[in-house]
Amino acid sequence: MPSVPVVAAVGCTEIASERRDCNARDLLTDALLDLLADAGMDGLGAVEHGLASYESDHFNMQMTLGAILHDTIGMTPKPSLRVEGGGATGALALRTAWAHIQSGLCDSVLVYGVEKNGRGVSSQTANQLFALSADVDWETAIGGTYTSFYAAMMRAHMAQYGTREEHFAHVAARNRANAAFNPIAQKPMDISIDDVLRSRPVADPYKLLDCSLLSDGAACLLLASEAWAREHVPTFRTRPPVFFTGTGCGTDTMRLGDRHPHITNFRAKQQAAQAAYAMAGIRDPLREIDVAELYDSYSGVEIQAVEDLGWVGRGEGGKTVAAGAFDLDGILPVNPSGGLLGRGAPVGATGILQAIEVTQQLWGLVDERRQVPGAKRGLADTHAGIASISVVNIFERRD
Amino acid sequence: MSDKVSSLIDITERAGCADDAWGDFRGFERITLELKQRYHYSLGRQSRFFIELENRRFFATACASCGRVYAPPRPLCPACLQPTTWRELSGEGSLETWSALHFSPGTNADVAALQTPYVLAYALLDGASTLFPHLLRAEGESLRQGMRLRVAYNEGPVSHPIHLMHFAPA
Ligand SMILES: [Zn+2]
């Protein structure tokens, strides 16, 4: 009997710029042991399905990593699947697990994400590899990078709406400050808006401190039917149940230029949000959502996101963000974890880490300095490329 | 050449296990591997665009059903699912948005040869429905939205035929 899935348990590693002591299998091992401790389970015997989430075969110099990971954690001979969708990979994996459970195909799916994006390759090689996820004939070959595609979008946003560098510098400073309250965060920083503005240019208008991190890390989330979680997860009864009540996905053209004349915002994100809100029964998202993890691959993206998620009017994101509306003490705290800017972004694990932060916020279990008091409903927003794939997942605590 | 890094440093704080369950696995080794690939890479139905650059002509594709003109070319109109036809454009247009890159990925020899900062520009070419991305060489000029640009052609050899052109101020 299909039912709205619950987050039965979560686990992750610390996020780091480089874990020389661990390969991808080792990182997953640590995240899995963390999940078992969280669940109070001593094994995965009852778990029916595995679902691997990682972006790049190139970073790992290993294809079929999903099968290797499944093998590493003793999930054979159970069914397995790898999901890949660029930066949205982890969120797509959760959405896929949601569908597995809603369809009745199984009652429990272990979603595991891992990436070694840190310093396994040089930053130039990392940029080349990420650029291969753009259109190689028309964007990659001319020396385009994702930073520059995002930057060109933000320049258009600034030209059309008067958004300013100070507005997105606010995001860069705030998310890194939030990271100070997150023990797994890669790079908490106490920086001012001026520090961001004065950091060296990368692809203008984006500067070094506007850019998110390259990270090593892993994360696991056990998604299950409520009945399965009650039966198999000892800690499930000890915490308020958190349901995965909505998931939406949207897409857009790969190349920014093909979106003309709509190049200031993310159409895919608008579509994903509307679908997720409809499924979760949300009519007024700004009031009905208590905490959110947004995909701050670049600081300005958060400004575009709050518009595309329908929280503020088009073009009002910059000044609303800069006024503190989405700070920890604001009307809707965003990226309490530190986000991709402060916590870090091991790609295949990122969407899962976002869901973990939202879930732990709803459980009321995070450091009180970043805990949103009484949070009942949370949102995770994740995308690939310049939102060529966008996923919005919604979680709700139902006591 | 392999740049071998071996370490037996104490990583207790990394393991995060008070009971030191990973005590047997403290030492680790990091080696350097190299993977070089060579692709016989087909430009497929986009090929004529690149061939015509050698003739200093700029081609887009047009959809007879909906009238959209694609630059870069699309052999299939995704709106109508009809094959398009080639259409020559003047190569003049206007600057819509851009970014100056201060960090080069060095994607290929032509990119590696660029001085930073270099400008990635999105131009709306006259007669096109989409923006075309390319390098804008406008040394010393201040860029502004709407400024007129033209396609300028380069002599080969190049690492990728897209480098047979760039944008310049009109
Ligand atoms: Zn058409």
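Reply: A compact globule of 399 residues would have a radius of gyration near 21 Å, and chain A agrees with this at 19 Å. The radius is taken over C-alpha atoms, and the globule rule is 2.2 Å times the number of residues to the power 0.38. The model is predicted, so local features need pLDDT of at least 70 and side-chain atom pairs count only at pLDDT 80 or more, while totals for chains, interfaces and linings use all residues. Residues are numbered from 1 along each chain as its sequence is written, and chains are lettered from A and ligands numbered from 1 in the order in which they are written.

Along its principal axes, the C-alpha trace of chain A spans about 55 × 45 × 40 Å. Chain A holds 16 helices and eleven strands; these are DSSP runs numbered from the N terminus, helices being H or I of at least four residues and strands E of at least two. Of its 399 residues, 64% count as buried. Buried means that 20 or more other C-beta atoms, placed from the backbone, lie within 10 Å of the residue's own; with 12 or fewer it is exposed, and in between partly exposed.

Two residues are in contact if their C-beta atoms, placed from the backbone, lie within 7 Å. Among the contacts in chain A with a separation of 6 or more, 79% join residues 24 or more positions apart.

Now the loop residue. A:Ile386 sits in the loop between β10 (377-384) and β11 (389-397) of chain A. With 26 other C-beta atoms within 10 Å, A:Ile386 is buried. Leaving aside residues up to four places away in sequence, A:Ile386 touches A:Phe149, A:Tyr150, A:Met153 and A:Leu256. A:Met254 is 132 residues from A:Ile386 in sequence, yet their C-alpha atoms are 7.7 Å apart in space.

Last, the surroundings extend to the side of chain A that faces its partner. There, 32 residues of chain A are in contact with 36 residues of chain B. On the chain A side, α5 (123-131), α6 (136-140), α7 (146-161) and β5 (201-203) each supply at least two residues. The largest share, six residues, comes from α7(A). By type, this side of chain A divides into 14 nonpolar, ten polar and eight charged residues. Nonpolar covers Ala, Val, Leu, Ile, Met, Phe, Trp, Tyr, Cys and Pro, charged covers Asp, Glu, Lys and Arg, and the others, Gly among them, count as polar.
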